[in-house]
Amino acid sequence: MHSLAMIENWPVPTAAAAVVTSDGTLLGAHGPTAHRFPLASVTKPLAAYAALVAYEEGAVELDEPAGPEGSTVRHLLAHTSGLAFDEHRVTAPPGTRRLYSNAGFEVLGDHIAKATEIPFPEYVRQAVLEPLGMASTTLEGSPAKDGVSTVDDLVRFAAEVQAPRLLDPRTVLEAQTVVHPGLKGVLPGYGHQNPNDWGLGFEIRDSKSPHWTGLSSSPATFGHFGQSGTFLWIDPVAGAACVALTDRAFGPWAAEAWTPFTDAVLAELSASR
């Protein structure tokens with residue numbers, strides 16, 4: 001895919017990107033796809049997927065208490081537990097506001113570790129990374145932001161999410177469906193959004209503006225971006241997913257580069273059909 005070569009013009013030391021279709025076909029890759037990059041918040045979809053494996057295994061229920069009083073596993077996954085961004089303090093009643101929370105994912109990891117009697121990073125390895133052959137991916141530390149991975153490995157994950165083998169497809173459909181519709185909130189780096197829609201560990205594009213995906217991305221697009229200059233989106237309408245990893249922190253450069261890049265990828269996908 002010629003559009004992937006646009007990453008060469010990004011003002012970053014190192015970048016790699018790839019596109020994989022819903023049937024697992026790698027349509028194109030560019031850059032050092034085996035290079036390990038810190039994921040920052042692109043860690044969250046991996047942690048969420050492991051949490052959903054724990055749910056399907058019966059270790060936890062989505063609506064069991066977890067986190068602050070009145071909060072559940074589902075609230076933690078959907079950033080509606082009321083926990084603050086990076087502090088373990090409650091700033092709103094559960095289910096009333098979309099408060100993007102690293103602390104919430106850390107509480108979630110602790111909750112699953114207790115339920116499974118397996119440290120959460122090890123649970124992620126056993127539940128997601130190992131079965132998908134993601135041998136270059138590690139999570140040591142916070143399930144909110146401490147993952148390290150490669151484009152090659154995240155292509156495997158993106159293929160799995162589009163055609164699930166580790167989870168029931170209905171569970172993955174629920175993960176990409178809005179939880180607590182209509183809630184306002186701040187999308188880090190992109191300001192206040194009304195509504196600020198989120199699924200179970202995946203951010204949902206819907207009608208958000210501005211946004212880190214493309215102007216032509218479908219409202220059904222879901223995924224995550226990270227403050228380390230990383231993103232993974234899946235567009236069910238386009239039938240494809242795109243991974244891009246860099247080693248420069250998110251900033252104005254990313255807001256300027258990512259949207260035209262995604263639009264070019266989608267245009268190329270559309271023209272090839």
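I began with helix H3, residues 102-116, whose 15 residues reach 21 Å from the first C-alpha to the last, close to the 21 Å expected at 1.5 Å a residue (the expected span is 1.5 Å times one less than the number of residues). I note that this is a predicted model, in which local features need pLDDT of at least 70 and side-chain atom pairs count only at pLDDT 80 or more, while totals for chains, interfaces and linings use all residues. Residues are numbered from 1 along each chain as its sequence is written, and side-chain values use heavy atoms, with hydrogens and water left out.

Next I looked up which residues of H3 are buried (under 20% relative accessible area, with a 1.4 Å probe and protein chains only), and found among them Phe-105, Val-107, Leu-108 and Ile-112. Their cover, judged by contact (heavy atoms within 4.5 Å), includes helix H1 (43-56), helix H2 (73-77) and helix H4 (120-129).

I then turned to the whole chain, which has seven helices and eleven strands (DSSP runs, H or I of at least four residues for helices and E of at least two for strands, numbered from the N terminus). Buried residues make up 56% of its 273 residues. Of the contacts with a separation of 6 or more, 57% join residues 24 or more positions apart.

Last, I checked the extent of the chain, and I recorded that its C-alpha atoms fill a box of roughly 50 × 40 × 35 Å along the principal axes.

Key
Buried < 20%, exposed > 50% of the residue type's maximum accessible area, 1.4 Å probe, protein only.
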